[in-house]
Amino acid sequence: MKGKILTLLCMTSLPLLSIAGTTDAATSDSYFSNALFNTLLVVIILLAVMVITVSRALKNIVSSDFFLEKMKKDKEQANNKANKVAGLLIVFSLLSVTAFSQAAPVAAVKAVASDRIGGIDQFTFYTLVVTIFLELVTLFLLFSTFKNILGASKAKAETPEVAAKPLVQSLFDKMNYTTELEDEGSILLDHDYDGIKELDNNLPPWWKYGFYLTIIVAFIYLVNFHITKTSPLQGEEYKLSMKKAEADIAEYMKTSANNVDETSVKVLTDATEVGKGKEIFLTTCSPCHGKFGEGTVGPNLTDDYWIHGGGIVDIFKTIKYGWPEKGMKSWKEDFSPIQIQQVASFIRTLKGTNPPKPKDKQGDLYVEGPAPAPSDSTAIKKDSVSVTVTAPTVAK
Amino acid sequence: MEIEKFQYDNKIVRNFAYATMLWGIVGMLVGLFAALQLVWPVLNFELPYTTFGRLRPLHTNAVIFAFVGNGIFMGVYYSLQRLLKARMFSDFLSKIHFWGWQLIIVLAAVTLVLGKTTGKEYAELEWPIDILITLIWVVFGWNMIGTIVRRRERHLYVAIWFYIATFVTVAVLHIVNSVEIPVSFWKSYSWYAGVQDALVQWWYGHNAVAFFLTTPYLGLMYYFMPKAANRPVYSYRLSIIHFWALIFLYIWAGPHHLLYTAVPDWAQSLGVAFSIMLIAPSWGGMINGLLTLRGAWDKVRDDVVLKFMVVAVTAYGMATFEGPMLSIKSVNAISHFTDWTIAHVHVGALGWNGFLTFGILYWLIPRMFRTKLYSSKLANMHFWIGTLGIILYAVPLYWAGVMQSLMWKEFTPEGQLKWQFLDTVTKMMPYYLGRAIGGTLYLTGALIMVFNLIKTIKQGDFLANEDAEAAPLVGAYKAHGTDHWHRWIERKPVQFMVLSLVVILIGGAIEIVPTFLIKSNIPTISSVKPYTPLELQGRDIYVREGCYVCHSQMVRPFRNETARYGEYSKAGEFVYDHPFQWGSKRTGPDLARVGGKYPDSWHYNHMMDPTSMSPGSIMPTYPWLLEDQIDVSSTVAKIKAMQRLGVPYPEGYSQIAAADMQKQAEQIAANLKKDGIETLPDREIVAMIAYLQKLGRDIKAAPKEEVAKLTN
């Protein structure tokens with residue numbers, strides 16, 4: 001038992017020292033002329049000496065006759081205590097070791113960062129600070145062990161045995177600890193404000209520990225985003241989400257038939273397809289182009305004059321990318337390529353429908369012509385074939 | 001020691017109680033009407049004075065400053081005298097305070113309806129009223145401090161700590177946020193611009209909730225709840241800890257209203273971290289209130305006053321837990337700009353402020369009128385109708401908020417936005433109707449209360465001056481036994497005030513000052529130009545009509561927002577925005593990038609009748625913009641004011657501004673003519689179109705590398 005404690009203690013403090021030593025050697029030996037670095041190092045060494053001294057003293061006490069005497073009296077309880085302490089220390093040392101084994105590879109990355117604190121790079125600085133913190137915790141644990149071992153026999157003998165409650169129940173009671181209503185008189189303060197009196201109840205433990213917890217969480221939050229930069233801030237987060245979306249869409253498109261673009265768009269003649277296009281036209285396009293495509297805010301779509309061309313590819317592109325400087329927005333974020341193809345196909349059916357109150361012609365006379373680029377040739381050819389036959393579906 | 005005889009002033013309490021009831025009903029009525037306008041836009045009546053954009057600020061101001069404000073003063077004037085064993089310092093000051101505050105409310109109501117507004121939420125009132133508020137607030141403070149100085153009770157009770165913190169902090173918030181430069185008697189520009197204005201405004205806005213709706217009401221709770229329950233306060237120590245923690249931490253949380261905006265990341269993170277830490281201090285108040293009822297829960301069953309108070313404190317606990325949750329970035333990404341926020345604040349307003357006020361009124365009025373409540377049956381009915389009203393109000397809006405947000409964010413697998421903005425609005429209608437029904441119930445309850453209290457008053461006999469007696473404070477304080485360390489400051493009102501001032505200044509200073517001093521917090525963009533005179537006039541119309549009430553101007557860095565609106569907003573885009581117009585709710589779509597999206601004629605038609613361009617839109621019509629002339633005479637003063645605020649117009653530009661304005665207006669009129677719309681270039685609609693077409697255009701002209709740098 002006693003040996004175990006000591007080894008554990010050495011395990012906790014030594015790796016820290018060795019890691020601190022290696023990192024500063026690795027990063028830069030000029031640190032030894034840095035005042036902050038030296039101060040921190042001295043503090044670490046002093047604390048380490050204290051840890052060793054105290055743990056030796058503890059070892060001596062544990063092995064002394066005086067203690068063995070006491071142990072006999074209430075062996076059981078003391079054993080329990082010691083076991084608890086040992087358990088704590090095991091967890092603690094494991095934590096510290098794993099923490100540093102994780103931190104080590106990060107060091108290489110972080111060393112590049114130019115952010116420095118008091119002339120020391122961030123990783124070294126935090127290593128030193130965390131080391132000091134861990135040493136303080138170790139010291140605290142050692143001292144409390146001291147206190148527990150010395151006081152072990154004193155208190156326990158007198159207290160009567162209380163039937164042990166289940167853990168959850170006892171935790172619940174602890175967290176809700178309060179003075180009973182009947183004993184209220186004992187904590188009634190002598191305050192009296194217009195007849196209002198005040199009790200001196202403890203802070204409800206669950207509230208108090210909850211408060212501590214939120215403070216710790218808030219601290220971790222800030223460290224996470226701004227010191228270790230583990231989680232992305234909004235700009236970075238946005239870029240990541242865009243990348244992911246791009247990848248997802250690409251993945252989907254591989255298997256999807258919905259993969260029309262300006263190189264492959266063609267006029268649809270199927271009535272249901274054109275009907276879907278008409279539906280979108282009536283809700284989305286008609287405010288500007290009129291119910292019958294006669295044009296209001298936007299240009300007339302039923303005549304032979306087109307500002308940006310009247311072929312299926314032209315119309316598809318106009319809808320997809322828009323002409324923002326002329327007030328036609330891009331619809332590619334709102335409608336899928338298939339839907340744009342449906343709308344464009346429907347618009348082609350409007351030609352020559354002579355709706356009431358048509359807007360004056362705008363743009364140039366558009367005549368179906370041969371394809372400008374070879375890649376478009378198939379699409380255009382199909383245009384000229386299909387366009388004449390479709391009957392105007394929008395009338396009325 | 002000689003016992004002194006004196007009298008408590010009940011008249012001032014009664015007057016504030018009457019005002020509370022009157023403005024409560026008015027504020028709720030306006031709120032209900034605005035809620036109905038969302039369902040039936042025809043209720044906007046095509047009149048400038050009755051549009052949603054003007055009525056919503058009227059509702060919020062009426063409820064916060066008129067209803068709750070008078071409620072605070074009612075409770076403070078009653079409890080302060082009794083907790084200090086002294087009559088109010090000066091009846092004359094009390095009177096000035098009362099009538100001054102009512103004058104402010106009337107002026108506010110008139111000016112808001114007339115469109116005189118600064119365009120900053122919950123601080124809409126123009127500069128003459130701001131000055132009046134400051135003066136009246138000083139009168140209130142003077143009267144309160146005077147009473148404290150003349151007290152006959154050595155120590156200050158926790159309720160008074162809260163009153164002091166309220167007085168100090170509201171003064172600081174109001175003065176700092178209202179710094180503005182007058183252009184004319186009813187028009188001013190915020191001294192701050194863009195990101196800075198946003199930070200100051202939400203530091204103010206958030207802490208208006210904290211120090212106008214929360215701390216004074218906690219003070220009232222600490223007096224009226226133990227009184228009504230006849231029980232000692234649960235824990236004196238809890239009072240101390242939660243009071244100081246609350247006022248220190250609250251001040252920091254303002255930036256949580258600006259998450260994912262162009263506000264620097266570090267300020268946002270501080271806002272989140274401090275909001276999380278705020279849970280326990282807020283709950284401290286709730287716990288101390290509810291545990292005070294330990295041993296008195298049997299009374300709660302029978303006593304309607306306690307019933308109201310229990311629900312109030314519970315609602316407070318729910319709202320103050322929800323608040324920090326809404327401050328967490330991933331939750332805020334869903335909730336912000338939706339009706340979730342509206343539901344959240346109404347749990348606080350209807351539950352906490354409303355119900356506590358009702359409880360206090362039911363307790364106070366019979367006491368001051370030396371009678372019993374006219375009908376406890378009616379009061380019970382009020383309680384149940386009101387509670388049901390809150391639930392029916394909040395639940396549909398929570399549902400609507402989450403649903404709309406998720407619709408905004410939804411993409412098809414091909415990568416297109418699944419819903420047009422308008423689709424998501426029309427889906428809201430049943431929920432808006434549900435909310436209006438909840439509001440109707442709540443208002444009905446309040447009307448029942450007013451009837452009940454009027455009947456009580458009629459049957460009672462008012463005691464204007466209540467006799468009391470107490471020994472004066474003589475000599476230095478001698479403690480009996482050992483005192484808690486905090487007792488020292490409870491004896492020292494001046495030190496108390498100074499310490500609370502220091503405590504509340506820390507957070508605000510750390511968050512706001514650096515954005516003024518450190519340039520890297522707001523990287524400038526070379527292509528962002530000041531507004532042309534016509535655009536500036538248009539912007540003032542935008543502010544006047546309260547467009548910011550329903551439209552944000554802040555594209556957040558989310559995929560769905562950049563797909564819907566365009567590149568996300570950068571801090572440097574807003575450097576000439578006095579005031580900023582980021583908004584806090586999207587009943588309509590964001591407008592930060594609307595410039596160039598539609599032709600001029602689209603905007604003309606849309607303002608005349610939104611449904612012509614967007615079938616199903618619930619936006620009000622603005623026919624008067626087509627008729628009314630631009631106030632050209634104000635242009636010189638406006639340009640000069642902007643120059644004094646540091647907007648870089650060339651020297652002497654104010655003299656040629658009118659000519660520039662004419663030129664741009666004619667251009668727009670010509671554009672409209674091309675689409676068959678005849679309009680004179682001097683109409684307000686032309687200025688409005690100019691402003692809308694300017695929005696978000698400058699950054700598009702910025703060099704690519706510059707934008708790329710900002711995106712990092």
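Start with the contact between the two chains: chain A contributes 47 residues and chain B contributes 57 residues. On chain A, select α7 (205-227), α8 (234-255) and α9 (271-289), each of which supplies at least two residues of the side that touches chain B. Which helix gives the largest share of that side? It is α7(A), with 11 residues. Colour this side of chain A by class, and it shows 28 nonpolar, 11 polar and eight charged residues. The model is a predicted one.

Stay on chain A and select Asp194(A), in the loop between α6 (167-175) and α7. Its phi is near 50°, a positive value in a residue other than glycine.

Move to chain B and select Asn230(B), in the loop between α6 (194-229) and α7 (236-250) of that chain. Asn230(B) is not a glycine, yet its phi is positive, at about 55°. Asn230(B) has 11 C-beta neighbours inside 10 Å and therefore counts as exposed, the cut-off being 12 or fewer.

For the last stop, select His578(B) and Pro579(B) and display the backbone. The peptide bond from His578(B) to Pro579(B) is cis, with omega near -5°. Pro579(B) sits in the loop between α20 (559-564) and α21 (600-608) of chain B.

Methods. Residues numbered from 1 in each chain as written. Chains lettered and ligands numbered in written order. Predicted model: local features only at pLDDT ≥ 70, side-chain atom pairs only at ≥ 80, totals over all residues. Contact = placed C-beta atoms within 7 Å. Helix = DSSP H or I, 4+ residues; strand = E, 2+ residues; numbered from the N terminus. Nonpolar A, V, L, I, M, F, W, Y, C, P; charged D, E, K, R; others polar. Buried ≥ 20, exposed ≤ 12 C-beta atoms within 10 Å, placed from the backbone.
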